[in-house]
Amino acid sequence: MTGGAGLRERKKEQTRLRIRQVAFELFASRGFDAVPVAEIAQNAEVSEATVFNYFPTKEDLVYGAMEAFEERLVQAVRSRPAGTTTYEAFRDVVLRRRGALADPDPAAMAQLATVARVIAGSPTLQAREQRIVDQTTRSLAEIIAEERHARVGDVRPWVIANALMGVNRAMTRTIQADAIAGRSAAAIARHVLAEGRRAFEVLHEGLDDSGQQ
């Protein structure tokens with residue numbers, strides 16, 4: 001990459017980060033649904049078109065990182081090494097410390113708490129999150145069905161995909177609740193990873209209704 005190209009990329013990244021920071025300040029103050037993109041653009045000192053160049057939809061300001069992570073989940077299952085099960089590939093990605101949990105800066109956890117509050121207050125964002133989860137679950141089920149040569153109408157690939165995604169979503173909810181409660185990144189990581197390991201053990205051992213799990 002030439003020096004000029006590198007400078008352009010840095011400027012673009014700075015613009016992207018400024019837009020997102022301004023947006024979250026407004027979202028935290030008034031709620032996601034009450035803030036128009038035009039106001040975000042004005043406060044970030046860019047055009048509305050520039051905001052959409054970086055974030056195709058308003059919801060992408062919040063969920064870009066989530067979509068990227070869930071794409072990694074699908075890719076980890078699709079490209080896993082021979083001899084590695086779907087369960088193992090998925091579990092190993094989900095139980096890896098990442099993002100704010102791996103960042104020693106308290107500001108990262110404060111930002112995560114802000115994101116969690118914004119999501120909790122917005123039906124629009126909750127609907128978008130559900131669509132992302134549904135798409136990831138569908139992609140996982142399709143991979144599982146193809147690998148198992150499942151017949152049309154076989155529900156087992158969907159059951160497996162939904163069970164795996166259920167652990168991921170439960171861990172996300174725990175992280176968000178702990179962040180809102182003001183817990184540190186280290187404390188949240190210990191809590192959520194321990195709960196995640198327990199949940200994956202339940203899946204590995206098999207579900208029952210005996211009350212022993």
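From the N terminus on, the elements of the chain run α-α-α-α-α-α-α-α-α, and the secondary structure accordingly comes to nine helices and zero strands. The model is a predicted one, and the points below are grouped by topic.

**The chain as a whole**

- Taken along the principal axes, the box filled by the C-alpha atoms of the chain is roughly 55 × 40 × 35 Å.
- The chain has 213 residues, of which 39% count as buried, and it exposes about 12,200 Å², with carbon and sulfur atoms supplying 52% of that area.
- When contacts between residues at least 6 apart in sequence are considered, 68% of them join residues at least 24 apart.

**Helix α7 against helix α8**

- Helix α7, which covers residues 123–147, packs with helix α8, which covers residues 156–180, at an angle of about 140 degrees, and their axes are 8 Å apart.
- On the α7 side the contact includes Glu129, Val133, Thr136 and Leu140, and on the α8 side it includes Trp158, Ile160, Met165 and Arg169.
- Sorted by class, the residues in the contact of α7 with α8 are 10 nonpolar, three polar and four charged.

**Helix α4 against helix α7**

- Helix α4, made up of residues 60–78, packs with α7 at an angle of about 10 degrees, with 10 Å between their axes.
- The two helices α4 and α7 are therefore roughly parallel to each other, the cut-off for that description being an angle under 35 degrees.
- Among the residues that make the contact are Tyr63, Met66, Glu70 and Val74 of α4, together with Arg128, Glu129, Ile132, Val133 and Thr136 of α7.
- By class, the contact of α4 with α7 divides into 10 nonpolar, three polar and seven charged residues.

**Glu70**

- Glu70 has its place in helix α4, and with a relative accessibility of 2% it counts as buried, because that class takes in values under 20%.
- If neighbours within four places in sequence are left aside, Glu70 is in contact with Ile132, Val133, Thr136, Met165, Asn168 and Arg169.

Note on methods:
Residues numbered from 1 in each chain as written. Predicted model: local features only at pLDDT ≥ 70, side-chain atom pairs only at ≥ 80, totals over all residues. Heavy atoms only, no water. Axes fitted to C-alpha atoms, helices over the stretch in contact; angles between N-to-C directions. Helix = DSSP H or I, 4+ residues; strand = E, 2+ residues; numbered from the N terminus. Contact = heavy atoms within 4.5 Å. Nonpolar A, V, L, I, M, F, W, Y, C, P; charged D, E, K, R; others polar. Parallel < 35°, antiparallel > 145°, perpendicular 65-115°, else oblique. Buried < 20%, exposed > 50% of the residue type's maximum accessible area, 1.4 Å probe, protein only. Areas by Shrake-Rupley, 256 points an atom, 1.4 Å probe, with all protein chains shown as cover.
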